[in-house]
Amino acid sequence: YLMRESQMKKIIAAAVAAAFVAPAFAADITITGDQEFSFTDANGTVTSAIDGDFNVKASTETANGLSISADINITDDGGDDGSDSLTVAGPFGKVDMGDTSSAADKFDDRNDFGLVLGNATSAGDAAVGWDLPTLVPGLSTYISYSSEGSEDSGNAGEHTGIALQYGAGPVEVAYAQNNNEDGSKLTYVGGTVSFGGLAVSVERMDEDGADVEEQSVSASYGMGDLTLAISQQETTTADVVDSDVTAVHVHYSLGGGVTAFIENVSDDRDADADATAVGLAMTF
């Protein structure tokens with residue numbers, strides 16, 4: 001009897017331990033992230049900054065063959081860094097649920113090379129994004145949706161959106177539109193032409209409800225470990241120019257995911273917005 005009782009305790013202990021251990025092995029877990037340090041001189045005022053985040057991604061597969069992944073993004077101080085999502089992928093394509101790109105945000109930022117300073121288009125996030133299966137070679141189709149009360153939907157608000165991107169050889173073009181519940185629209189048009197290490201891109205974002213337009217153009221050139229880029233972005237409201245920003249970037253890869261950089265921005269409409277940043281970034 002004592003032997004049977006001892007064996008039973010061991011069996012129960014093993015079962016309890018398995019209950020806690022099994023979930024840890026139910027999914028493949030990867031951790032990635034980045035850390036960046038910089039000095040920025042803005043009209044003679046020098047500041048320093050350290051910025052980083054890490055990403056935890058768990059992936060598994062259901063019994064019927066669907067691929068499921070959970071994506072959690074955390075800042076270096078333990079806060080939420082956004083873009084958290086639960087993704088389901090299968091023959092129907094990929095559905096991203098949580099804090100994901102709206103249609104207008106899916107294929108943008110072609111002219112954003114900045115690690116600290118730069119030009120970027122402004123489009124909000126969505127609660128659900130759907131990458132449809134590829135039916136035509138070179139064509140990507142994406143649909144987004146957010147309800148009025150969607151958590152972490154950014155400034156996209158309640159909308160449905162569709163984005164299309166087509167690539168053929170050195171040319172890539174994209175079109176997207178967020179149709180907002182209030183009847184307004186956010187429209188994006190962009191394209192890139194590449195010649196070896198040289199790439200030229202143009203973008204336009206038009207928010208008709210607020211009568212705001214963003215237009216930008218860039219050229220970048222990669223030569224070995226060195227990347228040079230220059231971009232110019234003009235923002236107008238009701239046909240009045242608010243900003244006219246030129247950004248210049250010099251990035252040099254030191255290997256091992258480490259990049260040294262120098263970046264500068266200047267605004268023809270606001271001399272106080274001029275700034276230069278130097279620093280070091282690491283991705284892992």
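Predicted model: local features only at pLDDT ≥ 70, side-chain atom pairs only at ≥ 80, totals over all residues.
Residues are numbered from 1 along each chain as its sequence is written, and side-chain values use heavy atoms, with hydrogens and water left out.

Of the 284 residues in the chain, 31% count as buried. Buried here means under 20% relative accessible area, exposed means over 50%, and partly exposed is anything in between (1.4 Å probe, protein chains only). The secondary structure comes to 2 helices and 16 strands; these are DSSP runs numbered from the N terminus, with helices being H or I of at least four residues and strands being E of at least two. As for contacts (heavy atoms within 4.5 Å), 41% of those between residues at least 6 apart in sequence join residues at least 24 apart.

For a look inside, go to G129 in strand β6, residues 125-131. G129 is buried, with a relative accessible area of 0%. Leaving out residues up to four places away in sequence, G129 touches K94, V95, D96, T100, Y142, I143 and S144. Take V95 from that set: its C-alpha atom is 5.7 Å from that of G129, though the two are 34 residues apart along the chain.

The structure holds 3 of them, each being a side-chain nitrogen of Lys or Arg within 4 Å of a carboxyl oxygen of Asp or Glu. K106 pairs with D131, with 3.3 Å between the closest N and O atoms. K106 sits in helix α2 (residues 103-106) and D131 in strand β6, so this bridge ties together parts that are 25 residues apart in sequence. K106 itself is partly exposed, at 28% relative accessibility.

Next comes E172 with R110, whose closest N and O atoms are 2.8 Å apart. This pair links distant parts of the chain, 62 residues apart: E172 is in strand β9, and R110 is in the loop between α2 and β6. R110 is buried at 11% relative accessible area, while E172 is partly exposed at 30%. That loop also holds D109, which has a positive phi of about 60° although it is not a glycine.

The remaining pair is E213 and R204, at 3.0 Å between the closest N and O atoms. E213 is buried, with a relative accessible area of 17%, and R204 is partly exposed at 32%.

N43 is another non-glycine with a positive phi, of about 55°. You'll find N43 in the loop between β1 (28-42) and β2 (45-61), partly exposed at 46% relative accessibility.

Back on the surface, E148, E181, D182, E207, D208, D211 and D239 gather in a patch of negative charge. Patches take residues with over 30% relative accessible area and no salt bridge, joining like charges within 9 Å and nonpolar side chains (Val, Leu, Ile, Met, Phe, Trp, Tyr) within 5 Å. Lys and Arg count as positive and Asp and Glu as negative, with His and the chain ends not counted; each charge is placed at NZ of Lys, CZ of Arg, CG of Asp or CD of Glu. One member, D182, is found in the loop between β9 (171-180) and β10 (185-195), and at 66% relative accessibility D182 counts as exposed.

Note on methods:
Areas by Shrake-Rupley, 256 points an atom, 1.4 Å probe, with all protein chains shown as cover.
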